[in-house]
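Trainee: I would like a close look at a single part of this model, taken slowly and with the terms spelled out.

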Amino acid sequence: MADTPRQYSISNLHNARQGSVTAADMPHLAQVQTQVVADAAKAASSERSMTLLEGLKLYPKAVAWSLAISTCIVMEGFDIVLINSLYGLPAFQQRFGEQLSDGSYQISAAWQSGLSNGALVGEIIGLMMVGWIAEKIGYRKTMIAALTMVIAFIFILFFAQSLPMLLVGEILCAEVCPVALRAYLTTYVNLCWVIGQFLSSAVLKGVSNETSSLGYKLPYGLQWIWPLPLIVVLALAPESPWWLVRVGRKEQAKHQLLRLTSRQQEGKFDADETISMMVYTTELEKANTKGASYLDCFRGVDLRRTEIVCMVWAIQTLCGASTVTGYSTYFYERAGLDVSSAFSLSLGQYALGAVGTILSWFLMTWFGRRSLYFWGQIAMGSDTVRHWASSESHRRTIMALNGE
């Protein structure tokens, strides 16, 4: 394709609110050169018509990088389960808990809430900061800096001598939670998350009979395994072409884009067209958000979008996926299971989560994401009611037999 000077400005855009190029958008981009618009339309059309197999053939390197970088999410899942499951670990209970009348040790409810919520506070702070930081310096540098900080903050957890000290470490580690990498991933994030939870439970089960401080220090110390290899991977990984386009580094964006594609597909792929699509979409978004504020998220049609996004993310917590399940090991112990059996049941629980995630990849192609999400929630809710009714019936039967 002949080199053609390109102008990347945009004006007079009113109602276009799409993230991809369509014919209807073109009149709104009067100042974007015709060749750029034509290239963008071709690239967008090619992406929409691309099948899964074609995508794998064209972007095998992108898939490989995504799988490698997703290990950050495994690390996050490991850490999320770790603190809540430690409440059921004898060594942790004896070191930080209070002795009860029967001679056993327990972490008080207040400190359980404090430690768990401290991690969540750190996540909120990190989420508020990471978007701005990643947009300024890029995803790779943000993640490398975050992982470097994690290495330092784990020292606080590993050598913690008191609950307040442990709380500070939890907040600092969660504050640099690797959120920025979500742009590289899709539903594979869920599987990585569950893998991390499974590994955490496996480690805790392995040290469940250890009564010395090694019983709780070893799980924390194993978190040092993740950051250094991930820093190396991130240092070698390509930066997001979309981010490079947004900061005006289009030649670098093209170079990174070529790193993500297969050279064997050169005749079927035009990097310049794809970069033009990114430029077009970026300019479209800039014009669309010019003069906008966060208040616009709660006005008109955007209010509906805000409600949908908030509820979709809230359901992840409301269904108990990241709250109740985190306490499952401790709950199983309080229900009467021995320590080893409680951790074994937790392992089975997270294994089912992995199976469910893998099955969802196939079910989504048949039913769609919305239907699968909606009816999945209905099924979970119905099952919860059924279990409650069964346990209540069982309780009343026992009371009747005992003459109560």
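Trainee: Are H9 and H17 roughly parallel or antiparallel to each other?

Mentor: This is a predicted model, in which local features need pLDDT of at least 70 and side-chain atom pairs count only at pLDDT 80 or more, while totals for chains, interfaces and linings use all residues. Residues are numbered from 1 along each chain as its sequence is written, and side-chain values use heavy atoms, with hydrogens and water left out. Helix H9 (residues 188-206) packs against helix H17 (residues 339-367) at an angle of about 165°, their axes lying 9 Å apart, and the two are therefore roughly antiparallel (an angle over 145 degrees). Angles here run from 0 to 180 degrees between N-to-C directions, and the axes are lines fitted to C-alpha atoms over the stretch in contact. The helices themselves are DSSP runs (H or I, at least four residues), numbered from the N terminus. H9 passes H17 in a left-handed crossing, that is, with the near helix turned anticlockwise from the far one by less than a right angle.

Contact means heavy atoms within 4.5 Å, and on the H9 side the residues that meet H17 include Leu 191, Val 194, Phe 198 and Lys 205, whereas H17 contributes, among them, Phe 343, Leu 347, Tyr 350 and Trp 361. The residues of this contact divide into 13 nonpolar, eight polar and one charged, where Ala, Val, Leu, Ile, Met, Phe, Trp, Tyr, Cys and Pro count as nonpolar, Asp, Glu, Lys and Arg as charged, and the others, Gly among them, as polar. Leu 204 of H9 and Phe 343 of H17 both belong to this meeting, and both are also in contact with Leu 89.

Key. Angles under 35 degrees count as roughly parallel, over 145 as roughly antiparallel, 65 to 115 as roughly perpendicular and the rest as oblique. Lists of a residue's contacts leave out its neighbours within four places in sequence.
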